[in-house]
Structure formats: structure tokens, C-alpha cells
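Open the model in your viewer and keep the sequence panel beside it. The stops below say what to select and what to look for.

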Amino acid sequence: MTFFVLALFSYFPTLETRAEKKKTTKPTATQSKPSKKMTENHPFGAGPFIGEPIGINAKYWFSDNPIGIQGFIGYDFSESALALFADGLYHIKDVTEMTFPWENGKLNLYGGLGIKFSFPTKPRVVIRIPLGINGLYSGQDWDFFAELVPGIRVSPTAGGNVDAGLGLRYYFQ
């Protein structure tokens with residue numbers, strides 16, 4: 001898992017903080033504002049989630065505000081079972097600008113609250129607290145994300161739970 005996170009961040013050649021961004025007066029030809037496709041015209045996206053658990057993740061943005069929901073269906077290796085979860089997310093938008101050789105974009109932070117169900121011999125219920133980063137690219141129909149999710153298992157016995165992973169989502173028109 002550490003390898004995937006390091007590989008993801010090795011592709012960030014330039015990160016510009018909000019304070020540095022304010023110093024620039026006008027965008028140059030190579031700078032561009034991120035598309036609002038995910039939040040206005042194409043609010044629904046889906047794609048792979050690789051980590052613990054592994055499966056398909058979907059996200060819906062509510063208009064142009066920082067609220068979204070995500071859902072998941074896949075396989076939980078730690079419990080050898082089908083897993084489903086749903087989270088409500090609040091995004092801190094435009095934390096930094098990213099400059100890649102192929103495109104510019106923005107990086108968001110997010111946190112939220114959700115619930116996970118898994119179905120080994122006895123169904124398990126976990127209260128999730130997702131924390132993550134979400135990269136949006138200018139003029140593109142996709143994004144990437146990484147998240148760490150501590151949780152509290154409430155059924156069938158009390159205990160802790162941690163999920164983590166990386167993913168991509170394509171936003172449908």
C-alpha cells in the first residue's frame with residue numbers, strides 16, 4: 001500500500017499553496033482553471049478502488065457545493081466477504097494547484113461519515129470516518145483519490161477497523 005501512495009505522489013512535480021497562488025496576477029497560457037464538470041454538468045462518476053477493500057467506487061457531487069456522497073461494492077480481504085459502504089463527504093476545495101506534464105488541476109481534501117456492511121458468516125457493521133485527497137483535472141472527465149478510513153465496528157462485536165486505498169473515477173455525461 002505504501003508503494004502505491006509513494007508512486008502517486010511521485011507524479012506531483014509542482015504543488016502550489018494558496019498563498020503562492022495569490023501572488024500570481026493572471027493565469028498564463030499554461031495555467032488553466034479546473035473544470036467544473038464533476039460538480040455541474042457531470043456530477044456522477046464511477047471507477048476502480050484498489051486497497052482494502054477492493055472493488056468499484058461511485059461518487060455523486062451535489063451541484064457546485066462541497067458536498068458529495070460515495071458508495072462502494074467489492075471484496076474485503078480482511079473478512080473474506082462481500083463489502084458495501086456509503087459515505088457522506090465534505091470537501092475543502094482547491095487546497096493546492098497541481099502541475100503535471102499533461103494537465104493542470106486542483107487538489108481537494110475531504111472528510112465525512114459513513115457506514116460499511118460486510119457479509120462473512122455473521123454480517124458486520126462498521127461506522128466509517130473517511131479522510132482523503134481528491135485530484136481534479138482541467139477539462140477532464142476523470143479524477144483520482146486516495147483515502148484512509150478509520151472505523152468503529154459495532155456488530156457483531158465492538159472493535160476497530162481501518163480501510164485504505166487509491167482510486168480513479170470517470171464522470172459520465
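The tour goes from the whole chain to a group of aromatic rings, and then to charges over rings.

This is a predicted model, in which local features need pLDDT of at least 70 and side-chain atom pairs count only at pLDDT 80 or more, while totals for chains, interfaces and linings use all residues. Residues are numbered from 1 along each chain as its sequence is written, and side-chain values use heavy atoms, with hydrogens and water left out.

**Whole chain**

Start with the cartoon view. The chain has two helices and 10 strands (DSSP runs numbered from the N terminus: H or I of at least four residues for helices, E of at least two for strands). Followed from the N terminus, the order is α-β-α-β-β-β-β-β-β-β-β-β.

Now show the surface. Of the 173 residues, 42% are buried, meaning under 20% relative accessible area, with over 50% exposed and partly exposed in between (1.4 Å probe, protein chains only). The chain exposes about 9,200 Å², with 67% supplied by carbon and sulfur atoms; areas come from the Shrake-Rupley method with a 1.4 Å probe, and for residues only the protein chains shown count as cover.

Among contacts (heavy atoms within 4.5 Å) with a separation of 6 or more, 55% are between residues 24 or more positions apart.

**Aromatic rings**

The whole structure holds seven aromatic pairs. Rings of Phe, Tyr and Trp (its six-membered ring) pair if their centres lie within 6.5 Å; planes under 30 degrees apart are stacked, over 60 edge-to-face, and the rest tilted.

Select Phe-49 and Phe-145, a stacked pair with 5.9 Å centre to centre and 20 degrees between the planes. Phe-49 is in strand 2 (residues 44–52) and Phe-145 in strand 9 (residues 142–155), so this pair ties together parts 96 residues apart in sequence. Phe-49 is buried at 1% relative accessibility, and Phe-145 is buried with a relative accessible area of 1%.

Next, select Phe-72 and Phe-85: their ring centres are 4.7 Å apart and their planes at 5 degrees, so the pair is stacked. Phe-72 belongs to strand 4 (residues 67–76) and Phe-85 to strand 5 (residues 81–99), 13 residues apart. Phe-72 is buried at 6%, and Phe-85 is buried at 5%.

Show Phe-49, Phe-72, Phe-85 and Phe-145 together: ring pairs link them into a cluster.

**Charges over rings**

Finally, select Lys-59 and Tyr-110: Lys-59 lies over the face of Tyr-110, 5.2 Å from the ring centre.

Notes:
Lys NZ or Arg CZ within 6 Å of the ring centre and 35° of its normal.
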